[in-house]
Amino acid sequence: MRVILAGIVLALVFAALAGIGYSAAQRPVYEAQPMPSVRVGDPGSNLVGQNWSGHPKLQGPEKPRGADPARGAT
Amino acid sequence: MRADIIIIIFVALLGAAAPACAQHGQDVAPSGQMMTPSGRNPTADSVTEQQLLKEMHKLQGRITIPDYKAALLEQPQGRSYQFFHERLLPWIAGIVIVLMSVALAVFYWVRGPIKVGKPASGIKVKRFDWVERLTHWMTAASFIVLALTGLNYFFGKRLLFPLIGPDAFGAWSQWAKFAHNTLAWPFMLGLLLMIALWVRDNLPDRYDWIWLRQFGGFISGTHPPARRFNAGQKLIFWAVVVFGFALAATGILMLFPFWALDINGMQWAQYVHAFSATLLIAIIIAHIYIGTLGMQGAFEAMRTGEVDLTWAREHHPVWVEEDHLDRRGARARAASVPAE
């Protein structure tokens, strides 16, 4: 029985090595096939435009300072 | 008022009937097919799908992504491949595998296991060393997983999907594909090792024809002479070599898609892979049967590496006399000589 288990373990070891080899050999598609342009799903919201600051756009209106409802108005 | 309602209903009916008339070709041509002022019909003048397929054998377009293969829209061979993969293959594979299983079940029911005729001698003969057994079990474990995960491509969505649902089937198929791609390598390594270890003992010899004529004695209950491997074992060995190499070659081509083949070549790789896999699975089912239920002592040979001398003399008498006793069997020879 030990030789059967050893055979199974050996197969798993070689399979794991193959998996590591695949990971080392394969590249993500954005590296393997880079494109000069991008596709946008929704041009109305995910285009950055000329005035892009590099920071993500805040979602929703900014809260005024000191307006924490848990503390109450100060 | 009443006349107005009748007119409205009449107009509405005309509007509703227009698409139906168009479907039957009784209506006017759509605007795209209408004559231009120059008297030409641009739609009628344009090239058709069938003309393109006839002249260019494939339909290709122009794309903006770097993967040029995505530009191929249609090829006639693709339809043949789809018919094979979706219709023929599941039926052929199912029939071959089920037929083999049923035949073995009937054979077991009629013939029962092949037993050793004489009582065990108690003398053990070395049949497989640890390298041979380790190679066998590594290859066997890999092949069983490869077969089950490979059959998932044929039957998974037909048999398993309705039972376990989309989520479980999706997760299983993802892991099955990963297991299939990775365990292919220990299988290929085992294939090469088995060839190196056993090819010499699997070359044809003069006892093979006798074994084949007697069908191995399976029906008559006799034991035709054989060296280390009989003709049946040799057939299985060469089937593993031939179909194993076919599976390995086409498998590597599919592991690295479009590396050496175009789309039609990839389809041919899948034809060869699927046929080889189907036949080898059926053959290995027979091998598993004869190595476990079908023959007394066969499983022990590959588990412990040793067989009883009586078993060896009944199934492989020439090996015991010529090969084993001459080259390896000092232990067995010494033990089999009666004490004075």
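Author: Gladly. In chain B, 65% of the contacts with a separation of 6 or more are between residues 24 or more positions apart; two residues are in contact if their C-beta atoms, placed from the backbone, lie within 7 Å. This is a predicted model, in which local features need pLDDT of at least 70 and side-chain atom pairs count only at pLDDT 80 or more, while totals for chains, interfaces and linings use all residues. Residues are numbered from 1 along each chain as its sequence is written, and chains are lettered from A and ligands numbered from 1 in the order in which they are written.

Reader: What makes α7(B) and α8(B) roughly antiparallel?

Author: The axes of α7 (residues 231-255) and α8 (residues 263-291) of chain B cross at roughly 150° and come within 9 Å. Angles over 145 degrees count as roughly antiparallel, so α7(B) is roughly antiparallel to α8(B). The axes are lines fitted to C-alpha atoms over the stretch in contact, with angles from 0 to 180 degrees between N-to-C directions. Helices here are DSSP runs of H or I with at least four residues, numbered from the N terminus.

Reader: Which residues make that contact, and how do they divide into nonpolar, polar and charged?

Author: Among them are B:Phe243 and B:Leu247 of α7(B), and B:His273 and B:Leu280 of α8(B). The residues of this contact divide into 15 nonpolar, six polar and no charged. Ala, Val, Leu, Ile, Met, Phe, Trp, Tyr, Cys and Pro count as nonpolar, Asp, Glu, Lys and Arg as charged, and the others, Gly among them, as polar.

Reader: Why is B:Tyr81 called partly exposed?

Author: A residue is buried with 20 or more other C-beta atoms within 10 Å of its own, exposed with 12 or fewer, and partly exposed in between. B:Tyr81 has 18, so it is partly exposed. B:Tyr81 lies in helix α4 (residues 76-111) of chain B.

Reader: What covers the buried residues of α7(B)?

Author: The cover includes α5 (130-198), α6 (206-213) and α8 of chain B. Among the buried residues of α7(B) are B:Val240, B:Gly244 and B:Thr250.

Reader: How many residues of chain A are in contact with chain B?

Author: 14 residues of chain A are in contact with 17 residues of chain B. On the chain A side, eleven are nonpolar, three polar and none charged.

Conventions: Helix = DSSP H or I, 4+ residues; strand = E, 2+ residues; numbered from the N terminus. Parallel < 35°, antiparallel > 145°, perpendicular 65-115°, else oblique.
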